[in-house]
Amino acid sequence: MKKVSCALTIAGTDPTGGAGIQADLKTFEELKSYGMSVITSVVAQNTTGVQELHHIPLSMLSSQLNSVFSDMPVHAVKTGMIADKEMMQAVAQYLQEGHFPYVMDPVMVATSGDALIAENSRLYLRDHLLPLTTLVTPNIHEAVYLTGKKIETTTDMQEAAKLLVDKYGAGAALIKGGHMKGDAVDFLYDGKEMHTFTAKRIETENTHGTGCTYSAAVTAFLSQGMPLLTSVRKAKMFVTAAIRNSFDIGNGNGPTNHWAAREEMLFHERETIQDL
Ligand SMILES: Nc1ncnc2c1ncn2[C@@H]1O[C@H](COP(=O)(O)OP(=O)(O)O)[C@@H](O)[C@H]1O
Ligand SMILES: Cc1ncc(COP(=O)(O)O)c(N)n1
């Protein structure tokens, strides 16, 4: 029998295919994990912003979760947009029982600035779901919200990563520097050590779905049994290549390129192996 690694995303949708569930499934596919998805909200959005939101009824959310967990192997889970407390509670039930890595992308606001989760539910995410994570992957704005501290420097980013682990109970925290100035530097704190991932900033406005793609890539590698540090290192390579080859389509922030990312990553890995 063929062995397969199964990754599940629990998130909202993007009909233009750049962010949310669609970006996650494209990423899983390119990285050779079997992709599964539970939809929390249907979002009418595109590269310019969010036009309308429809949250899936709670019973239907639970029913989808039950369909997956009662039948399929689940080797890693990521969550993205979960609109309110009740939905978070329903998801938490399944995560508490599972013995798989869990990556939380604490999605709050789309790249366009539109809110995706209720203001009064954001701290519920921190207080109830964060302690269940293997990894949480906030951008700067989300890290400020979750920690209540301002972030202006790379030292502030590292402090925030430590707080999320030491005070709020995340398994590990990856603070992303896409919204800082200069190089795209991310910090991973795993409870023991601080690791730095640096990529040259790519001059582009096409960053719709970068956070989704990054956390989905980490989830795919974790589903294949790779250690956290390796998974983040490879995911950083993947998302950087996806941004470098992004598509200039739509009238706003264009989407990233998943297939070019896979090709570039494979090429890079072959070169590295030859160098050894
Ligand atoms: N212009 C860019 N050039 C290179 N890397 C980028 C760029 N913008 C974002 N990144 C990287 O993309 C990933 C997603 O980060 P970020 O944009 O901060 O998250 P989000 O999409 O959640 O707002 C991070 O690894 C970040 O460093
Ligand atoms: C359904 C959904 N989930 C998440 C995002 C955030 O996207 P980004 O990765 O650009 O922060 C989004 N725009 N839509």
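Helices (H or I, at least four residues) and strands (E, at least two) are DSSP runs, numbered from the N terminus. Helix α1, covering residues 20–30, is one such run, and Q22 lies within it.

The structure is a predicted model, in which local features need pLDDT of at least 70 and side-chain atom pairs count only at pLDDT 80 or more, whereas totals for chains, interfaces and linings use all residues. Residues are numbered from 1 along each chain as its sequence is written, and chains are lettered from A and ligands numbered from 1 in the order in which they are written.

## Confidence and overall form

The predictor assigns the complex an ipTM of 0.98 and a pTM of 0.97. For the chain, the mean pLDDT (the predictor's confidence in each residue, from 0 to 100) is 95, and 98% of the residues reach 70 or more.

The chain contains 9 helices and 10 strands. Its radius of gyration is 17 Å, close to the 19 Å that the globule rule gives for 276 residues, so the chain is as compact as a globular protein of that length. The radius is taken over C-alpha atoms, and the globule rule is 2.2 Å times the number of residues to the power 0.38. Along its principal axes, the C-alpha trace spans about 50 × 50 × 45 Å.

Of the 276 residues, 49% count as buried. A residue is buried if 20 or more other C-beta atoms lie within 10 Å of its own, exposed if 12 or fewer, and partly exposed in between, with C-beta atoms placed from the backbone. Two residues are in contact if their C-beta atoms, placed from the backbone, lie within 7 Å. Among contacts with a separation of 6 or more, 68% join residues 24 or more positions apart.

## The two ligand shells

A residue is near a molecule or strand if its C-beta atom, placed from the backbone, lies within 6 Å of it. For the classes below, Ala, Val, Leu, Ile, Met, Phe, Trp, Tyr, Cys and Pro count as nonpolar, Asp, Glu, Lys and Arg as charged, and the others, Gly among them, as polar.

| Shell | Nonpolar | Polar | Charged |
|---|---|---|---|
| Ligand 2 | 8 residues | 10 residues | 1 residue |

Ligand 1 has 19 residues around it, of which N139, K176, G178, A184 and G211 come nearest. Two or more residues of this shell are given by each of β9 (184–189), α7 and α8 (228–244). The largest share, 4 residues, comes from α8.

Ligand 2 is likewise surrounded by 19 residues, and the closest are G12, A19, G20, A110 and G211. Here β3 (41–46) and α7 (210–223) each supply at least two residues. Helix α7 gives the most to this shell, with 3 residues.

## Strand β9 and its partners

Strand β9 is mostly covered, with 5 of its 6 residues buried. Two strands pair if DSSP finds at least two bridges between them. β9 pairs in the antiparallel sense with β8 (residues 173–175) over 3 bridges, and L188 in β9 is the bridge partner of L174. β9 also pairs in the antiparallel sense with β10 (residues 194–199), over 6 bridges. In β10, H195 is the bridge partner of L188. The hairpin of β9 and β10 has 4 residues between the strands, and G191 in this hairpin takes a positive phi near 95 degrees.

Q22 is buried, because 21 other C-beta atoms lie within 10 Å. Leaving aside neighbours within four places in sequence, Q22 is in contact with T13, D14 and G17. Between Q22 and A11, 11 residues apart in sequence, the C-alpha to C-alpha distance is 9.5 Å.

K32 lies in the loop between α1 and β2 (34–39). K32 counts as exposed because it has 12 C-beta neighbours inside 10 Å. Although K32 is not a glycine, its phi is positive, at about 65 degrees. Most residues other than glycine have a negative phi.

N251 is placed in the loop between α8 and α9 (258–275). With 9 C-beta neighbours inside 10 Å, N251 counts as exposed. Not counting residues up to four places away in sequence, N251 touches T47 and T48. N251 and G49 are 202 residues apart in sequence, yet 9.9 Å apart in space, C-alpha to C-alpha.
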